[in-house]
Amino acid sequence: MTLAIAGARGLAGRRLLAAIPVLWGVTFLTFVVMNLLPGDAAQELLGANATPAEVHQLEIKLHLNQPFWVRYGHWLGGLFHGDLGNSLASGQNVSAVLGQRLPVTAELLLYAFVASILLAVGLAVLAARRPNGPADRLSMVASMTGLSIAPYVLALILVYIFAVRLGWFPAIGYVALTQNPGANLRSLTLPAAAIGFPLFSVYTRLLRADIVEQLQREDYIVTARAKGVAPWRILLRHALPNSLFGLITLVALNLGTLVGAVAIIEPIFSLPGVGAILIQSITNHDVPVVEGIVVVFAVVVVLANLLADVLYAVLDPRIRYERSAS
Amino acid sequence: MSAPLPELLAADGATGAPPVRPRARGLARDLRIWLPAGFLVLLAAACFLWPLVYPVPKPTGGSILSSGLPPLSRGHIFGTDPVGNDIFSRILHGGQVSFEVGFGVTAIGLVIGGLLGMAAGYWGGAADAVIMRVLDIAIAFPALVLALAVAEGLGPSELHVIWALSFFSVPAFGRVARGATIALRDRTFMLAARLSGTRGPRVIRRHVIPNIAPQLLTFSLLGVGVAMILEGALSFLGLGIPLPEPSWGSMIAYGQQTISASPDLVLIPSAFLFATVLSLNVLGDALRERWANPIGQSR
């Protein structure tokens, strides 16, 4: 057991080291893209009527007149001290902005993820129990629908049905968790559904296919059946854990792409998360804010992939022993 | 070049029998291919040809006198929007944008990503390491940020939307092409080609491309659907196709403001977008099932 832990620790260390160039690449790419593109922050901030002198003055104040490498080095240096810099637009510290807005986004994503994974596991198990049965057909229709519907279309349709017509959920706005937990969940339900339903569809599809394959092709299933293990137990204790690898990989990969979904869904529901400010900051060329958000999401992706590796080892003793042996 | 013989034999032995999967019976299977394919062809023909052969109102510059008409009004089958543009005409012209963006983005991804992925998968080594690291960054990098920044920096236009969205398609196709190429690398006919002195580019042209084409084509169909949705997302954020030119995405975004009074402004373009992407996905699925036999065997 201690060997296994040491092995896992070594693996985690190697993974984190390998993540450093990727993280660096992400920040650098963002900086390059944000800086090479036409348009400049000072002009954007002051508006079209600003005189060149005013623009120049602001540029000096924000250090925008310095060469690209100096600015990037300065930002990177700050990052090592945990300082993400200040917003060009508001002058607010980026860490403070994130501290204010990230909890909203994090709660929204957590809600969407937990709901979609739980529902997907449930439906996939029911569907795989009897291929081509009613539950299986339902899972296929649901997942095809979720794969084909744009999240923003889903969001608007949900708003129309559940907010405008039925009035079950608020159409816009956010209530803090500390203020009123029930209202907080209600205010996040529709946006979480809009983000979560497409995820649910992909997860259901993948997991159902994996479970069916396990049930059809693996010898240990035959053995379990032969010795009289109950069908439900075979499904839940034998086939399901062995089918989770694909799902875990996909969830870890998905996390990174979700910043896009958040950026579109949050403004529709007027949620004060990072999504709305990300769009606004890209339009304003507010590089430090964009960088801050990108870094947070990139770190989350790296950590999620690391966690996925750990989960593989938890699920599969072979991985555990192999790694501790080497 | 690095495949030792024992590994190769093991690899070929392991491919074994094709996976047993219950195939849909004749007609049902054919319907799953012909129904979506027929719908897509009809819709594309309607979008691109109908305005040429049959007089429809212009998609822009409508009269304020005929604004906000409900669907099924005289002369405006889908009604008009708040500035008096005919919705049916905007659907047709917006559909042109969706098809052009969808296929343009996918074509760029297929060519650039496909070539990069095949090169990485075939030659391996340093080229593979570099290309894969770049793709890793692309995966960790939220592509929408990049696409938004490009769309914002270059200014909204259809061509710029295509370039911006290619940041999604190139890495995705690169990964798929690399995986498919690696699966081929150790097959006997590949070794035979290499042993007989065939050069890399020719092996890729004659052996790799024909063998991974089915996989890339089915993936392309899914890619077209994703690109259409993303075009709408950019339009939704005001960075897609500039108003007053129509696109399905901008029509949906525009309709959002009046959703409680006239939901049809959102629902009509949404229905077209959904039906189109659904057809692409069903078609891609059906073709993948049909081509599911192991690559290079009895096809």
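1. The stretch that follows helix α8(B) includes Gly238(B), whose phi is positive, near 80°; helices here are DSSP runs of H or I with at least four residues, strands are runs of E with at least two, and both are numbered from the N terminus. This is a predicted model, in which local features need pLDDT of at least 70 and side-chain atom pairs count only at pLDDT 80 or more, while totals for chains, interfaces and linings use all residues. Residues are numbered from 1 along each chain as its sequence is written, and chains are lettered from A and ligands numbered from 1 in the order in which they are written.

2. Helix α8 of chain B, residues 200-236, has 37 residues, yet its end C-alpha atoms are only 45 Å apart, short of the 54 Å that a straight helix would reach at 1.5 Å a residue, where the expected span is 1.5 Å times one less than the number of residues. At Ala213(B) the helix α8(B) bends by about 45°, with a proline, Pro214(B), following within four residues; the bend is the angle between axes fitted to the seven residues ending at a residue and the seven starting there.

3. Chain A holds 13 helices and zero strands. Of its 326 residues, 34% count as buried, that is, with 20 or more other C-beta atoms, placed from the backbone, within 10 Å of their own.

4. The contact between the chains takes 39 residues from chain A and 34 residues from chain B, two residues being in contact if their C-beta atoms, placed from the backbone, lie within 7 Å. On the side of chain A that touches chain B, α1(A) gives the most, with eight residues.

Definitions and conventions: Buried ≥ 20, exposed ≤ 12 C-beta atoms within 10 Å, placed from the backbone.
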